[in-house]
Amino acid sequence: MELNKKEKILLYAFLKKHEKELEKELYTLKYRLEKEVFDSLTIEEIQVLDKSI
C-alpha cells in the first residue's frame with residue numbers, strides 16, 4: 001500500500017487518536033480467533049503453533 005505524505009500523517013493521527021479503542025478491538029478479535037482456531041486443533045498442533053510464534 002502506497003500512501004502520500006498527507007495520507008500517512010492523517011492515518012498516523014487517526015491511529016494515535018483511537019489507539020486505546022483499537023487495542024481493545026484487536027484483543028477481542030485475537031481472543032475470538034484464538035478460540036475458534038484452538039477448538040479445531042489437537043493439543044500437538046497447538047504446541048507446534050505456540051512454538052513457531
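Tutor: Helix 1, residues 5-17, supplies the largest share of the nonpolar patch, three residues. Helices here are DSSP runs of H or I with at least four residues, strands are runs of E with at least two, and both are numbered from the N terminus. The model is predicted: local features need pLDDT of at least 70, side-chain atom pairs count only at pLDDT 80 or more, and totals for chains, interfaces and linings use all residues. Residues are numbered from 1 along each chain as its sequence is written, and side-chain values use heavy atoms, with hydrogens and water left out.

The patch covers about 510 Å² and is made by Met1, Leu11, Phe14, Leu15 and Leu22. Patch residues have over 30% relative accessible area and no salt bridge; nonpolar side chains (Val, Leu, Ile, Met, Phe, Trp, Tyr) are joined within 5 Å, like charges within 9 Å. Accessible areas come from the Shrake-Rupley method with a 1.4 Å probe, and for residues only the protein chains shown count as cover.

Take leucine 15. This residue lies in helix 1. Why does leucine 15 count as partly exposed? Because its relative accessibility is 39%, and partly exposed is the range between buried, under 20% relative accessible area, and exposed, over 50%.

Now the helix itself. Helix 1 has 13 residues and reaches 18 Å from its first C-alpha to its last, close to the expected 18 Å at 1.5 Å a residue. The expected span is 1.5 Å times one less than the number of residues. Asparagine 4 caps the N-terminal end: one of its side-chain oxygens lies 3.0 Å from the backbone nitrogen of lysine 6. A polar contact is a pair of N or O atoms within 3.5 Å; within protein, one must be able to donate a hydrogen and the other to accept it, and residues adjacent in sequence count only if both atoms are side-chain atoms.

Glutamate 7 also sits in helix 1. It is partly exposed, at 37% relative accessible area. Its C-alpha is 41 Å from that of glutamine 47, which is 40 residues away along the chain.

Next, the charged pairs. A salt bridge needs a side-chain nitrogen of Lys or Arg within 4 Å of a carboxyl oxygen of Asp or Glu. By this rule there are three.

- Glutamate 19 pairs with lysine 16 at 3.9 Å, N to O. Glutamate 19 is partly exposed, at 35%.
- Lysine 30 pairs with glutamate 34 at 3.8 Å, N to O. Both lie in helix 2, residues 19-39, four residues apart, about one turn of the helix. Glutamate 34 is partly exposed, at 31%.
- Aspartate 39 pairs with lysine 35 at 3.3 Å, N to O. These two are four residues apart in helix 2, so about one helical turn separates them. Aspartate 39 is exposed, at 61%, while lysine 35 is partly exposed, at 46%.

Finally, the whole chain. There are three helices and zero strands, in the pattern α-α-α. The C-alpha atoms fill a box of roughly 50 × 25 × 15 Å along the principal axes. The radius of gyration is 17 Å, whereas a compact globule of 53 residues would have one near 10 Å. That radius is taken over C-alpha atoms, and the globule rule is 2.2 Å times the number of residues to the power 0.38. Of the 53 residues, 4% count as buried. The chain exposes about 5500 Å², and carbon and sulfur atoms supply 61% of it.

Key: Buried < 20%, exposed > 50% of the residue type's maximum accessible area, 1.4 Å probe, protein only.
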